[in-house]
Amino acid sequence: MSEYQRIPRDQHGVSRKGISSAALRVLYGLHEAGFESYLVGGAVRDLLLGGAPKDFDVATNATPEQVQEVFRRCRLIGRRFRIAHVRFGGEIIEVTTFRGGASEEHEDSEHRQMESGRIVRDNVFGTLEEDALRRDFTVNALYYSIADFSVLDFADGLADLQARQMQLIGDPEVRYREDPVRMLRAARLAAKLRFSIAPASLQPIGKLAPLLDDIPPARLFDESLKLFMGGHGRLSFEKLEELDLLRHLFPGLAKISDDARQLIVSALESTDARVAQDKPVTPAFLFAALLWPSFIKRMERYTDLAPEEWLEAASSAAETVFSGTAKRVALPRRFSGVSKEIWLLQPRFAAMGVGRARRLLRHPRFRAAYDFLLLRAAVEPALQAQADRWTKAQTVEGADFDRLFQPTRGAAAAEEPGSLDGDAEAPAKRRRRRRRRKPRVHAPSESE
Ligand code: ATP
Ligand code: MG
């Protein structure tokens with residue numbers, strides 16, 4: 001083994017108290033079976049920074065099959081490079097065998113998988129040092145040894161941790177080309193850790209960003225969950241804007257108004273706040289916000305539609321937006337279906353009529369759609385009255401509820417307005433004005 005730094009246990013801040021009991025059992029289990037075992041990656045980095053890691057990764061010289069012999073509840077996953085998932089209680093610890101081939105791409109870069117043969121790839125076992133050098137950033141290549149509790153540093157990660165910067169190991173351009181997702185990881189980890197990106201690692205991003213366009217959409221979806229749902233969504237979003245990477249995930253966000261941007265930022269802030277409080281969050285809500293500008297843009301061509309026409313037009317506009325998005329970021333159907341419901345419920349908040357209001361309140365997506373209305377109202381003052389009425393509606397019952405939704409002028413408001421504007425009190429007018437026009441959607445050349 002060549003040069004590396006070993007920091008003894010009394011000179012660093014990693015303590016077993018910060019490591020989950022499942023991770024400790026895996027580390028000790030392998031050690032007692034005679035293998036090397038290290039905690040590695042984000043967990044060591046976060047512990048050194050005084051944080052509480054969410055997941056723990058273990059690296060070992062045991063092969064996946066040997067890992068399986070040590071632990072009863074162990075599953076081998078991955079086609080190309082087998083990874084062992086060891087389960088203790090509700091926790092899964094990812095155990096990887098030291099991997100060689102520092103200069104090769106990350107395991108799930110399918111693009112390269114098709115270009116080159118299997119043998120020359122990163123599914124070869126390696127030494128501890130090789131394992132360190134094929135990782136992405138220096139601060140992600142620190143190892144905590146369970147044998148003597150020291151920290152091993154092969155890539156000057158500790159110096160970068162001190163300097164609070166994300167620095168790729170090796171030649172940045174080569175490393176980004178191997179796996180362009182590292183550009184997104186640079187943005188995400190810089191946001192999460194409040195680190196800067198080292199100048200040499202920052203510089204090639206402008207030129208290489210288009211390489212992201214070839215990454216499989218499923219992987220970009222996974223990465224966007226980490227970016228936006230990991231508790232640092234707002235900062236990640238701003239970092240992506242700063243690095244001009246955002247439009248490679250969501251082309252529809254390349255040029256948006258300040259209001260549209262503000263709606264997204266508010267959605268991210270509320271998601272961050274929920275993550276901080278350990279409340280559940282759903283990609284459906286966030287994607288409803290991220291794709292709202294594209295949806296609105298498609299709906300601009302329709303004015304004065306009758307409600308049923310609006311619904312039809314909105315439904316196909318939503319589908320067009322989702323299929324455009326799917327070319328970049330594969331948002332699964334179970335989420336996009338809910339995002340669509342959130343959008344399609346919006347005009348119903350404007351409708352008066354007690355029966356109608358009660359039905360809306362009972363709708364399974366009421367809460368998400370109402371939360372979305374609040375985001376819209378914050379950037380569209382005309383919606384504030386609607387938002388306030390629905391806020392109130394959730395706190396009152398019986399006659400008080402009914403009074404909120406009694407139409408002011410006869411039965412004029414009996415129909416749901418088919419529009420997304422804030423003109424809530426004028427359905428009668430709209431009805432008179434409406435022109436019958438077939439919705440024109442499915443413009444095939446557009447993708448946003
Ligand atoms: P987080 O705290 O968000 O989990 P992380 O650094 O632990 O951040 P993971 O995706 O959990 O990120 O990856 C674990 C480790 O695997 C990383 O610390 C890094 O060492 C290595 N790694 C992950 N993705 C890549 C990649 N694309 N290229 C090289 N190494 C990677
Ligand atoms: Mg991690």
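Mentor: Two residues are in contact when they have heavy atoms within 4.5 Å of each other. Keep that in mind for what follows, and note that this model is predicted.

Trainee: Which residues of α14 and α20 meet?

Mentor: From α14 come Asp259, Gln262, Leu263, Ser266 and Ala267, and they meet Phe372, Leu375, Arg376 and Val379 of α20. Helix α14 covers residues 258–276, and helix α20 covers residues 366–379.

Trainee: At what angle do α14 and α20 pack, and how far apart are their axes?

Mentor: The angle is about 140 degrees, and the axes are 9 Å apart. An angle has to be over 145 degrees to count as roughly antiparallel. The pair α14 and α20 is therefore oblique. The crossing of α14 past α20 is right-handed.

Trainee: How do α14 and α15 cross?

Mentor: Helix α15 is made of residues 283–290, and its axis comes within 8 Å of the axis of α14, with a crossing angle of roughly 165 degrees. That angle makes the two helices roughly antiparallel. Here α14 passes α15 in a left-handed crossing. On the α14 side the residues that meet α15 are Leu263, Ile264, Ala267, Leu268, Ser270 and Thr271; on the α15 side they are Phe285, Leu286, Ala289 and Leu290.

Trainee: Is α15 largely enclosed or open, and why?

Mentor: Count its buried residues. Buried means under 20% relative accessible area. In α15 eight of the eight residues are buried, so this helix is largely enclosed by the rest of the structure. The buried residues include Pro283, Phe285, Phe287 and Leu290. What covers them includes α11 (217–229), α12 (233–242), α14, α16 (292–299), α18 (333–345) and α20.

Trainee: How much of the whole chain is buried?

Mentor: Of its 448 residues, 51% are buried. The chain has 23 helices and ten strands. To see how far along the sequence the contacts reach, take those between residues at least 6 apart: 71% of them join residues at least 24 apart.

Trainee: What does the largest nonpolar core look like?

Mentor: Read a core by its members and by the elements that supply them. This one has 101 residues, and those with the most contacts inside it are Phe228, Phe250, Phe295, Trp343 and Phe372. Helix α8, residues 181–193, gives the most to the core, with eight residues. Domain 1 (1–163) and domain 2 (288–404) both contribute residues, so the core lies between them.

Trainee: What does Phe295 touch?

Mentor: Beyond four places away in sequence, Phe295 touches Ala314, Ala317, Ala318, Val321, Trp343, Leu344 and Leu420. There is also a second, separate core of 17 residues, which includes Leu383, Ala387, Val396 and Leu404.

Trainee: Where is Trp390, and is it buried or exposed?

Mentor: Tryptophan 390 sits in helix α21, residues 384–393. Its relative accessibility is 0%, so tryptophan 390 counts as buried. Setting aside neighbours within four places in sequence, its contacts are Phe349, Ala357, Leu360, Leu361, Phe366, Tyr370 and Phe405. For tryptophan 390 and alanine 357, the separation is 33 residues in sequence and 9.2 Å between C-alpha atoms.

Trainee: Where is proline 180?

Mentor: Proline 180 is in the loop between α7 (172–178) and α8. Proline 180 is buried, at 7% relative accessible area. Apart from neighbours within four places in sequence, proline 180 is in contact with Leu211, Leu212 and Ile215. Its C-alpha atom is 9.2 Å from that of aspartate 213, which is 33 residues away along the chain.

Trainee: What is the phi of arginine 164?

Mentor: Most residues other than glycine have a negative phi. Arginine 164 is not a glycine, yet its phi is positive, about 55 degrees. This arginine lies in the loop between α6 (157–163) and β9 (165–166). Arginine 164 is partly exposed, with a relative accessible area of 38%.

Trainee: Where is arginine 194, and what is its phi?

Mentor: Arginine 194 is in the loop between α8 and β10 (196–197). Its phi is positive too, near 60 degrees. With a relative accessible area of 54%, arginine 194 is exposed.

Conventions:
Residues are numbered from 1 along each chain as its sequence is written. Chains are lettered from A and ligands numbered from 1 in the order in which they are written. This is a predicted model: local features need pLDDT of at least 70, side-chain atom pairs count only at pLDDT 80 or more; totals for chains, interfaces and linings use all residues. Side-chain values use heavy atoms; hydrogens and water are left out. A nonpolar core is a set of buried Ala, Val, Leu, Ile, Met, Phe, Trp, Tyr and Cys residues joined through side-chain atoms within 4.5 Å. Buried means under 20% relative accessible area, exposed over 50%, partly exposed in between (1.4 Å probe, protein chains only). Helices (H or I, at least four residues) and strands (E, at least two) are DSSP runs, numbered from the N terminus. Domain bounds come from an automatic or database domain assignment. Axes are lines fitted to C-alpha atoms, for helices over the stretch in contact, and angles run from 0 to 180 degrees between N-to-C directions. Angles under 35 degrees count as roughly parallel, over 145 as roughly antiparallel, 65 to 115 as roughly perpendicular and the rest as oblique. A crossing is left-handed if the near helix is turned anticlockwise from the far one by less than a right angle, and right-handed if clockwise.
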